[in-house]
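Trainee: I have a model to go through. Can we take it step by step?
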Amino acid sequence: MKRMYTVIAILLAFLGVAYFKENGGIVKQAKPKVGVLTLMHHPALDQIYKGFVHGLAKEGYHNGKNITIDYQNANGDQSNLKTMANKLVNENSTVLFGITTPASQALANSTKKIPIVLGAVTNPQGAGLVKNNKRPGGNITGISDQAPVKEQLQLVHKFMPHAKTLGIIYTSSDSSAVTEYKEFMKYAKQMHLNLKAYSISNSNDLNQVSQQMLSEVDAVIVPTDNTIAGAMQTLVKNANAVNKPVFPAVDTMVKQGGVATYSINQYKLGVEGGKLTADILKGKKKPSTTAIKYIRHGEPVLNLKQARKLGLHVPASFQREAEKYGEVIK
Amino acid sequence: MNLIVSAIGQGLLWALLGLGLYLTFRILNLADMTVEGTFPLGAAVAVTAITHGFSPLAATLLAFGAGMLAGLVTGLLYTKGKIPFLLAGILTMTATYSVNLRIMGKSNISLLGQKTLFSGSFMTSLPQYFDSVVLGMIVIAIITLLLIFFLDTDYGQSFIATGDNPVMAKSLGIHTDATINVGLMISNGLVGLCGALVAQSNGYADVNMGIGTIVIALASIIIGEVAFGELTLSQRLVAVTLGSIIYRLILLAVLQLGFSANDLNLISSIVLALCMMLPQLDKLFHIRKPFFKGVQTND
């Protein structure tokens with residue numbers, strides 16, 4: 001009991017001292033510091049970080065030499081994000097880089113002054129991070145990982161001009177996937193395509209929901225969706241069983257048995273983030289006036305093996321494009 | 001120094017979770033999994049209410065109510081539906097996931113630019129991170145006093161008796177089903193409240209934010225018990241809050257020591273396991289005598 005009162009007394013005394021201590025003295029650092037906060041390990045997210053480091057290096061900022069990169073990973077536990085964000089802000093990071101929406105929100109909530117660069121936030125305005133995607137206004141700007149939805153729909157149409165019904169499947173708790181699904185629906189309406197939506201809450205639902213879907217549609221579209229990416233084999237297995245193609249938004253999913261896509265390269269997205277961060281470090285750009293950057297042109301990726309298996313007619317122009325600028329899996 | 005203040009503030013806010021679980025885990029002797037669902041439920045309700053123009057205080061109280069409802073569902077499944085308790089909690093936890101998505105309409109809502117309990121002029125005039133310290137202290141003080149008062153009433157005593165020995169309690173004329181339901185409601189109400197406060201402090205609600213919360217709650221309870229030993233019931237409630245603060249300080253120390261963030265989950269589990277094994281280790285090595293006198297194992 002005595003010990004408890006002692007601890008309370010120490011805590012209160014500490015808080016008292018901290019309250020009256022002036023917080024003005026910011027230490028000038030010789031090396032600029034870049035704080036990176038990410039939600040968890042995931043192949044795509046790790047690629048973004050690797051690209052980010054490379055993008056900084058391209059602009060002359062090498063980790064350990066003339067900058068320090070402090071990488072914090074919350075391991076999927078969102079209660080860690082706040083502490084880590086505070087740590088990065090408190091150690092006077094010059095620029096912060098947030099990977100995923102919750103990580104970026106934690107950073108945004110910890111500082112209104114230090115510039116924040118977003119990586120892999122599909123819709124910053126929708127996530128409440130910036131006032132306007134074109135003119136952010138505050139201390140935040142960045143790169144959106146939204147896939148080139150319109151290009152992808154046109155591609156599906158090219159492959160299957162006579163398809164009556166297309167299906168889209170996404171995870172309802174994945175905010176990036178939901179944003180893209182809405183975009184897909186919007187463009188499908190414009191293009192007069194019949195697109196039917198199916199949602200799952202976790203990867204265990206995928207088997208059953210996808211079987212149901214495949215009995216009702218001619219082809220399947222998958223947005224940038226972490227959960228489905230992890231369970232892609234299940235979807236492909238079910239689709240192959242009924243001889244119907246899957247058009248995912250991400251290149252890795254094409255490699256796992258999708259047919260074709262215009263994909264955003266996560267690594268390149270990271271590189272863009274690194275370059276933007278370097279521009280801010282050099283004082284060339286200010287977050288408040290730098291619009292959120294979208295990667296408009298995806299990289300063409302074609303899985304020829306899968307297309308042949310399904311007996312699909314591959315548009316020759318797309319195959320040439322993929323051979324020249326993208327990737328063809330044979 | 002600032003980071004320590006921040007950790008203390010976080011510990012105070014998260015302490016509500018520990019207090020909520022203490023009622024079911026230690027007093028009613030039931031391990032309630034519902035909290036992993038009620039925590040994001042509180043956050044979802046509060047944040048949605050705020051974005052729909054409710055005052056932050058009203059939104060926070062709504063979150064408390066929503067938590068109570070979830071607790072009641074678990075209670076009814078257990079007492080009336082005769083579903084094993086652990087399962088009843090897991091069922092409610094699973095169901096709240098869908099409910100949370102329905103409430104928010106999407107998986108993540110931000111509070112940037114909205115009024116919260118932390119945006120009053122008094123709160124923003126405080127030095128950095130003192131907002132959560134001050135608000136946390138006020139809320140914890142009120143809740144702890146109310147709980148002490150509640151447990152001291154006749155009803156509160158029957159609540160404790162139900163946890164100690166349900167058969168005996170029934171024979172004394174206590175409606176054990178009703179006390180369990182009320183206990184679960186209060187407990188989950190507090191967890192919902194905690195979710196509401198943490199969401200306002202973090203600036204967003206996310207449908208996945210409940211993952212791992214039960215470990216955080218257990219850590220507060222167990223660290224509090226191991227660190228402070230033999231205490232009266234009301235002192236033990238205070239110990240939960242201190243346990244929550246100590247847990248945050250340990251996490252901060254781990255981060256500061258430069259451990260790879262990949263190992264964080266492993267390290268927090270090891271810390272927790274060591275705390276729980278302390279009575280056994282003590283039997284073997286008598287390590288505690290010089291440091292701690294008369295620590296109660298309390299199981």
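Trainee: Is Phe318(A) buried or exposed?
Mentor: Phe318(A) has 0% relative accessibility, so Phe318(A) counts as buried. Buried means under 20% relative accessible area, exposed over 50%, and partly exposed in between, with a 1.4 Å probe and protein chains only. This is a predicted model, where local features need pLDDT of at least 70, side-chain atom pairs count only at pLDDT 80 or more, and totals for chains, interfaces and linings use all residues. Residues are numbered from 1 along each chain as its sequence is written, chains are lettered from A in the order in which they are written, and side-chain values use heavy atoms, without hydrogens and water.
Trainee: How many aromatic pairs are there over all chains?
Mentor: A search of the whole structure gives 12. Rings of Phe, Tyr and Trp (its six-membered ring) pair if their centres lie within 6.5 Å; planes under 30 degrees apart are stacked, over 60 edge-to-face, the rest tilted.
Trainee: And what kind of pair do Tyr262(A) and Phe318(A) make?
Mentor: The ring centres of Tyr262(A) and Phe318(A) are 5.6 Å apart and the planes are at 85°, so the pair is edge-to-face. Tyr262(A), at 7% relative accessibility, also counts as buried.
Trainee: Which residues form the aromatic cluster?
Mentor: Phe159(A), Phe247(A), Tyr262(A) and Phe318(A) form one cluster.
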